[in-house]
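Trainee: I have not seen this structure before. Could we go through it by question and answer?

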Amino acid sequence: MSTPLSIGLIGQKFMGRAHSNAWNQAPHFFDLPRVPRLELVSARNLRELKPFAERWGWARFSAEWRDIAEDETIELVDIGTPNDLHAEQAIAMLEAGKHVACEKPLAGTLEDARAMRAAAKKCKGQKTFVWFNYRRCPAVALAQQLVADGKIGEVQHVRASYLQDWAGPDVPLLWRFQKKHAGSGAHGDLNAHIVDMARFITGDEIKEINGAIAKTFVKERKRLDGKGKGRSTVDDAVLFLTTFKGGAIGSFEASRVAQGHQNRNTIELNGTKGSLKFDFEDMNLLWYYDGGDDPKTRGWQRIMCTAGEHHPYAGNWWPDAHVLGYEHGFVNMAADICKVLGGEQPVAALPDFEDAYQTQRVLEAALLAAKERCAIPMSQVK
Ligand SMILES: NC(=O)c1ccc[n+]([C@@H]2O[C@H](COP(=O)([O-])OP(=O)(O)OC[C@H]3O[C@@H](n4cnc5c(N)ncnc54)[C@H](O)[C@@H]3O)[C@@H](O)[C@H]2O)c1
């Protein structure tokens, strides 16, 4: 017997659409103990809110996000706003007794992330979630299972890169290029995802940042108010090297100016017995190399991760090789949140504020390593 789960959403643009779609679709594809009810949506632009609410099935809308905190019927608040707003909004919702599902990165700054983690620890039984959606691509969730099953032995290398090319000089000074709103650029936007994926797949933690470089290529951008140009105060690309507690070494690379790569989120793991690799632009595939195979036929195996009960989430979707896309990671996550709030297990582990705080520490340490031009042990970043 399922019961409704009343949801409030803050933000109605890119992530607002992705999340609204996810809450709507989840009960169509999964048997859920709690069924999302899209109750109240809030964002800044009142004129856009009414058509948005009608299109996506939100019962009510408001230009004041605090209305959600005051609404006693709402149990879960979903936050899809710029990074500098996450802390204020999430903490207010936790204090109002709501569960919170916040977009990544957890916050723009480590200080904000720390406050969010403290608020989550203090609250009375509410749950927190962070939308690291790539964990819920079947191929990524399968990679985690294969590593846990020992299929590639001990992990020795983690090689992750997340490359995009949309942020050339013609793109105006959006909030994403302003440190006070975003915290950082490609780093918090993209490295956040691959650090989360690396921690998730390996089950290991980063012990040290061994070196890093951060670069802003486009220093000025057209202001949105038409008053000339303003300074971009975030990185366009950040690269860093790491050592994991378990002994693996890692490289992470994020760029929003890597021409020819639109959303190339990749991770490769090389272990003592084999390797795995994933590329989001071919997201239904996981590549597996078994070093123990007969040398005559040994090679990379192309696994189409759509095989019913054999692959995470696949049994809830379409017949084999009727492939999934970007939105399915969000739908899978919405379903897992509904399961957890109904007392069931998620298919893949859900990151909470504590977990996302650990990713945020790694991001902070990497920026510090770039600034100081030296190695930074994680023990230095609390
Ligand atoms: N998981 C992912 O893959 C992914 C992808 C894109 C963005 N994100 C994250 O999602 C968040 C939002 O990004 P986006 O691309 O949707 O941004 P966006 O600019 O498209 O939308 C931001 C929304 O926030 C609203 N907003 C801004 N200030 C507000 C305020 N004071 N009160 C209420 N609403 C306010 C705006 O009205 C807008 O609806 C960011 O944290 C970003 O890092 C995650």
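Trainee: Where is the place of P105?
Mentor: This is a predicted model. A cis peptide bond joins K104 and P105, with omega at about -10 degrees. As for its place, P105 sits in the loop between β5 (99-102) and α5.

Trainee: Is Y313 buried or exposed?
Mentor: Y313 is not a glycine, yet it has a positive phi of about 70 degrees. It is found in the loop between β16 (300-304) and α9 (326-341). A residue is buried if 20 or more other C-beta atoms lie within 10 Å of its own. Y313 has 25 C-beta neighbours inside 10 Å, so it counts as buried.

Trainee: What separates the centres of domain 1 and domain 2, taken over C-alpha atoms?
Mentor: The domain assignment of the chain gives domain 1 as 3-133, and domain 2 as 138-318 + 351-372. Taken over C-alpha atoms, the centres of domain 1 and domain 2 are separated by 25 Å.

Trainee: Which element gives the most to the side of domain 1 that touches domain 2?
Mentor: The contact takes 22 residues from domain 1 and 21 residues from domain 2. On the side of domain 1, the elements that give two or more residues are α5 (110-122) and β6 (128-130). With six residues, the element that gives the most to this side is α5.

Trainee: Which helix gives the most to the shell around the ligand?
Mentor: There are 22 residues around the ligand, and K13, F14, M15, A43 and E103 come nearest. By class, the shell divides into eight nonpolar, nine polar and five charged residues. The element that gives the most to this shell, with three residues, is helix α1 (residues 14-29).

Terms used: Residues are numbered from 1 along each chain as its sequence is written. This is a predicted model: local features need pLDDT of at least 70, side-chain atom pairs count only at pLDDT 80 or more; totals for chains, interfaces and linings use all residues. A residue is near a molecule or strand if its C-beta atom, placed from the backbone, lies within 6 Å of it. Helices (H or I, at least four residues) and strands (E, at least two) are DSSP runs, numbered from the N terminus. Ala, Val, Leu, Ile, Met, Phe, Trp, Tyr, Cys and Pro count as nonpolar, Asp, Glu, Lys and Arg as charged, and the others, Gly among them, as polar. Domain bounds come from an automatic or database domain assignment. Two residues are in contact if their C-beta atoms, placed from the backbone, lie within 7 Å. A residue is buried if 20 or more other C-beta atoms lie within 10 Å of its own, exposed if 12 or fewer, and partly exposed in between; C-beta atoms are placed from the backbone.
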